[in-house]
Amino acid sequence: MSNGRFGIHGGQYIPETLMNEIHKLEESYEYYKNNKEFQEELAELLRDYAGRPSLLYYAEKMTKDLGGAKIYFKREDLNHTGSHKINNVLGQALLAKKMGKTRIIAETGAGQHGVATATAAALLGLECEIFMGKEDTVRQALNVYRMELLGAKVHPVESGTMTLKDAVNECMREWTSRVDDTLYVLGSVMGPHPFPTIVRDFQSVISREARAQILEKEGKLPDVVMACVGGGSNSMGMFYEFIGDEQVQLIGCEAAGHGVDTDKTAATMAVGTEGVFHGMKSYFCQDEYGQIAPVYSISAGLDYPGVGPEHAYLKDIGRAEYVPVTDEEAVNAFEYIAREEGIIAAIESSHAVAHLMKLAPTMRKDQIIICCLSGRGDKDVAAIARYRGIDLHE
Amino acid sequence: MWQPLPDIGGLIYMSRIQDALTGKKTFIGFVTAGDPSLEKTEEFVLEMERAGAGLIELGIPFSDPIAEGPVIQDANLRALSAGCTTDKIFDMVKRLRQKTQIPLVFLAYLNTLFKYGYEKFCSKCEEVGIDGLIIPDMPFEEKGELAPVAAAHQMDVISLIAPTSRQRIQIIAKEAAGFIYIVSSLGVTGVRSEITTDIGSIVEAIREVTQVPTAVGFGINTPEQVNQYTRLADGAIVGSGIVKIVAQYGEAAGPEIYKYVSRMVKGLATD
């Protein structure tokens with residue numbers, strides 16, 4: 001087994017109880033990833049159920065208004081369930097079925113991954129249990145009900161800070177207590193090997209499509225490819241097929257919360273240090289003794305104290321650049337893209353849009369940016385209203 | 001800390017840990033360091049020793065202990081809220097070592113050691129008199145980065161074997177040091193009324209490749225369970241059962257821990 005290293009990052013730092021199962025997952029994945037039948041089945045699900053390929057949309061009004069580079073959006077928000085999460089979940093749920101599993105479990109922050117997992121479980125006839133921080137079940141009550149409608153059981157997690165990282169902790173604990181019939185469907189390019197690779201492969205459909213689409217539309221590669229980064233799945237999917245194109249600049253936008261100089265931040269690349277947590281070696285927000293820091297962002301989907309190991313590696317070798325974006329900047333971008341393009345984008349994706357608004361005017365008109373709109377923002381409307389002082393509840 | 005084996009002239013050494021588990025059955029008690037305070041941790045260790053424990057596991061509190069059930073999770077949070085840090089724990093162990101020679105092992109999550117620095121951590125352990133390390137999130141495949149550093153400081157890195165280990169049992173056991181920690185059940189730490197794993201055949205598989213002593217942990221809470229497992233293995237480990245007493249009695253837990261451990265020690269198999 002390869003241990004799945006990206007430079008010094010990655011690895012399999014998990015309890016012994018899970019080791020045989022994780023090796024089994026690795027073997028199964030290695031087999032099915034080159035299995036024609038599996039790939040055809042997945043391609044069909046992505047096309048006929050999730051609605052792929054997603055559009056590559058030229059944002060003409062924004063391009064004119066910002067007065068610089070040509071702006072394209074990769075519209076993952078138009079997928080079934082409203083985000084890129086479905087790409088990975090259909091792959092992993094199908095893999096679970098092939099492995100003979102009858103039950104899948106998953107963590108969720110804002111609820112996007114939970115809803116996508118519950119959806120795939122309903123479709124493929126798998127039992128499904130979702131672990132969600134208690135804080136988040138209150139903030140995203142609608143998504144809890146949505147998952148229950150889809151037939152999933154939602155467990156509010158009351159340990160630790162009661163948010164995303166605690167939901168991951170609880171999933172790992174649950175998986176160690178029931179490995180035989182259960183697959184943990186991890187939602188991001190994180191955790192122990194082989195998860196960062198599996199999730200990246202399933203999400204790389206984003207850049208595979210985008211690369212072909214831009215070549216068709218513009219006859220050349222983009223100058224910049226950008227996406228928001230929490231754990232890093234939509235960004236890794238958006239970057240992956242462009243990594244070999246050295247002239248394409250890759251930019252990840254992480255959640256700075258109130259700012260990287262405050263303790264209310266989730267900007268792991270800006271303030272984190274090397275550590276070992278959630279099964280992987282990577283960068284984490286932590287104190288001098290290695291206690292994982294409570295993190296904060298207006299976006300529950302980016303509210304995570306670590307980042308996937310392959311991103312950590314891309315940062316180390318200088319292939320990708322990571323920039324922090326504050327709550328305020330993201331909310332401004334959320335409102336701007338709604339007004340300008342008629343798109344209500346997820347607050348997570350709005351972090352990338354915020355940086356795009358700064359970057360595009362500094363570039364030439366013959367240059368091209370592709371920005372990933374990882375999800376739709378319907379789920380965020382009430383929270384944004386409250387941020388603006390309007391007392392609105394779902 | 002290594003001691004010469006008198007009968008072979010000090011050419012082969014037996015660690016203080018192996019000494020505690022060889023030729024007799026041993027009760028191993030666990031407490032989370034700093035819960036409710038480090039002064040109390042010192043007292044609890046001495047009470048456990050007085051009650052007949054032969055080895056003590058000290059948990060270094062971690063913000064996100066993924067192998068622990070709710071009882072020890074809460075203890076971790078109590079200790080951290082009380083301001084416990086790795087450095088303060090080292091100071092406490094140094095004081096404790098002036099009062100007892102009982103083998104002490106740390107149970108710590110790898111990030112605690114990684115962030116402190118493996119070399120600095122292990123050299124500090126050697127200096128204050130820690131005998132071994134249990135790292136629940138460092139499986140066999142990942143031990144390479146820590147094991148040589150620990151060995152250079154006479155620190156045994158304890159290997160864990162789980163009910164799911166199967167063909168891995170002998171691979172792990174062959175390289176084991178100190179003792180082998182047999183995880184009795186699937187899941188996280190915590191008291192269980194019934195344990196269904198066939199510990200006997202795990203011990204048998206281990207015995208085919210090594211003479212390193214074995215101890216069973218996870219879910220043990222009665223003298224009967226202690227008896228059952230020490231008939232098969234060399235030691236029985238109790239964590240959540242003791243930590244529950246700390247949760248209930250707080251500062252006043254010392255005498256209760258003594259009573260509890262005394263009762264459990266009576267369960268040790270006699271053969």
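This is a predicted model: local features need pLDDT of at least 70, side-chain atom pairs count only at pLDDT 80 or more; totals for chains, interfaces and linings use all residues.

Residues are numbered from 1 along each chain as its sequence is written, chains are lettered from A and ligands numbered from 1 in the order in which they are written, and side-chain values use heavy atoms, with hydrogens and water left out.

**Stop one: a helix pair in chain A**

Select residues 36–48 of chain A, helix H2, and residues 85–98 of chain A, helix H4. (Helices are DSSP runs of H or I, at least four residues; strands are E runs of at least two; both are numbered from the N terminus.) Their axes sit 10 Å apart and the helices pack at an angle of about 140°. (Axes are lines fitted to C-alpha atoms, for helices over the stretch in contact, and angles run from 0 to 180 degrees between N-to-C directions.) H2(A) and H4(A) are therefore oblique to each other. (Under 35 degrees counts as roughly parallel, over 145 as roughly antiparallel, 65 to 115 as roughly perpendicular, and the rest as oblique.)

Now show side chains: on H2(A), the contact residues include A:Phe38, A:Leu42 and A:Leu45, and on H4(A) they include A:Leu90, A:Gly91 and A:Leu94. (Contact means heavy atoms within 4.5 Å.)

**Stop two: a helix pair in chain B**

Hop to chain B and pick helix H4 (residues 86–97) and helix H6 (residues 118–128). Here the axes come within 9 Å and cross at roughly 20°, which makes H4(B) roughly parallel to H6(B). From H4(B), B:Thr86, B:Phe90, B:Val93, B:Lys94 and B:Arg97 meet B:Phe121, B:Lys124, B:Cys125, B:Glu127 and B:Val128 of H6(B).

**Stop three: one face of a helix**

Next, select helix H10 of chain B, residues 223–230, and colour its buried residues: B:Pro223, B:Gln225, B:Val226, B:Tyr229 and B:Thr230. (Buried means under 20% relative accessible area, exposed over 50%, partly exposed in between, with a 1.4 Å probe and protein chains only.) Look down the axis of H10(B): the buried residues fall within an arc of 160°, so they line one face of the helix. (The arc is that of the directions from the helix axis to the C-beta atoms.) Their packing partners in chain B include strand S3 (26–32) and helix H12 (253–265).

**Stop four: a glutamine**

Finish on B:Gln73, in helix H3 (residues 70–81) of chain B. Is B:Gln73 buried or exposed? At 10% relative accessibility, B:Gln73 counts as buried. Leaving out residues up to four places away in sequence, B:Gln73 touches A:Ser159, A:Glu170 and A:Arg173, along with B:Pro65 and B:Glu68.
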